[in-house]
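Please consider the protein chain shown here.

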Amino acid sequence: MNDNDKKKKPAIVFTRYTPYMVSDLENFYNSKGEKLPIKPVMSLCRCGLSKNKPFCDGTHTAKGIDGEKQPDRTKDRVVNYKGKDIIIHDNRGVCSLDHSCVNLLPAVFRRHAKRWVLPDEASVGEIIGVIEKCPSGALSYTIGNRKCTELDRPPAIKVAKNGPLEITGGITIRDDMESKPESVEHYTLCRCGNSKNKPFCDGAHEKTKFVDDVN
Ligand code: FES
């Protein structure tokens with residue numbers, strides 16, 4: 001067994017009523033890509049009210065955390081958009097409204113259009129490049145018989161600007177709802193407290209104008 005095998009894997013553990021308890025994380029960044037301080041076990045805010053974001057400062061104890069999914073949330077449903085050489089899969093229920101897709105490849109990912117994905121309007125390479133930037137795992141693709149949802153990156157958490165925690169590298173989550181991310185390798189966790197699809201971000205931070213000036 002080498003040193004890498006002996007290393008403990010990071011994990012995120014929580015219940016519907018508690019902040020995110022993160023253990024054994026080595027890579028923790030703010031939205032500018034700067035390293036944030038880490039402890040072997042640390043508690044991250046998920047109610048949006050901490051004055052020490054992204055860390056929990058106990059503010060949630062006054063109001064409580066409601067981690068239930070809401071019945072009127074956008075349903076977890078994967079829609080397939082079939083092109084000549086690629087099928088693009090999309091689950092609107094977990095989209096964190098990062099907007100990389102519509103900003104970087106507007107001919108394929110068409111903001112507000114009824115059929116919003118047109119998979120033949122760019123090269124396969126361009127489409128893959130953009131899908132790999134999708135932090136939530138809402139977008140994935142299939143080429144031939146191979147469905148590609150997972151990337152190979154080191155475990156890390158990035159705090160998105162006025163948005164969710166962006167998890168990469170397959171960090172395990174364990175909670176009391178047996179939550180399963182759309183992509184095991186990457187997903188986004190709500191930290192504004194307003195998602196209807198907790199623990200995952202559903203983009204509500206944008207509508208509710210969640211602000212974290214520091215990170
Ligand atoms: S951080 Fe995106 S919905 Fe809360």
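**From overall form to core**

Buried residues account for 33% of the 215 residues in the protein chain. The model is a predicted one. Its secondary structure amounts to 5 helices and 12 strands. With a radius of gyration of 18 Å, close to the 17 Å that the globule rule gives for 215 residues, the protein chain is as compact as a globular protein of that length. The C-alpha trace spans about 50 × 45 × 30 Å along its principal axes. Of the contacts between residues at least 6 apart in sequence, 53% join residues at least 24 apart.

Four strands form an open sheet in the order 4-2-1-11, and their pairing is mixed. Its edges are strand 4 (41–44) and strand 11 (172–174), each of which pairs on one side only. On average, and with direction ignored, neighbouring strands of this sheet are turned by 25° against each other. Strands of a sheet pair through backbone hydrogen bonds, in either a parallel or an antiparallel manner. Strand 1 (residues 11–13) and strand 2 (residues 20–23) run antiparallel and are joined by 3 bridges. Within this pair, isoleucine 12 stands opposite valine 22 in strand 2.

The loop between strand 1 and strand 2 contains proline 19. Is this proline buried or exposed? A residue counts as buried if 20 or more other C-beta atoms lie within 10 Å of its own; proline 19 has 22 other C-beta atoms within 10 Å and is therefore buried. Beyond its neighbours within four places in sequence, proline 19 is in contact with Phe14, Ser43, Leu44, Cys45, Arg46, Cys56 and His60. Between proline 19 and leucine 165 the C-alpha to C-alpha distance is 12 Å, although the two are 146 residues apart in sequence.

There remains the nonpolar interior. In soluble globular proteins, nonpolar side chains tend to be buried together. The largest nonpolar core here has 38 residues, and Ile127 and Leu189 are those with the most contacts inside it. Two or more residues are given to this core by each of strand 2, helix 4 (124–131), strand 7 (139–143), strand 9 (156–159), strand 10 (165–168) and strand 12 (187–189). Helix 4 gives the most, with 3 residues. Not counting residues up to four places away in sequence, leucine 189 touches Tyr20, Pro164, Leu165, Ile167, Pro199, Phe200 and Cys201.

Conventions. Residues numbered from 1 in each chain as written. Predicted model: local features only at pLDDT ≥ 70, side-chain atom pairs only at ≥ 80, totals over all residues. Rg over C-alpha atoms; globule rule 2.2 N^0.38 Å. Buried ≥ 20, exposed ≤ 12 C-beta atoms within 10 Å, placed from the backbone. Contact = placed C-beta atoms within 7 Å. Pairing = 2+ DSSP bridges. Axes fitted to C-alpha atoms, helices over the stretch in contact; angles between N-to-C directions. Core = buried A, V, L, I, M, F, W, Y, C linked by C-beta atoms within 7 Å.
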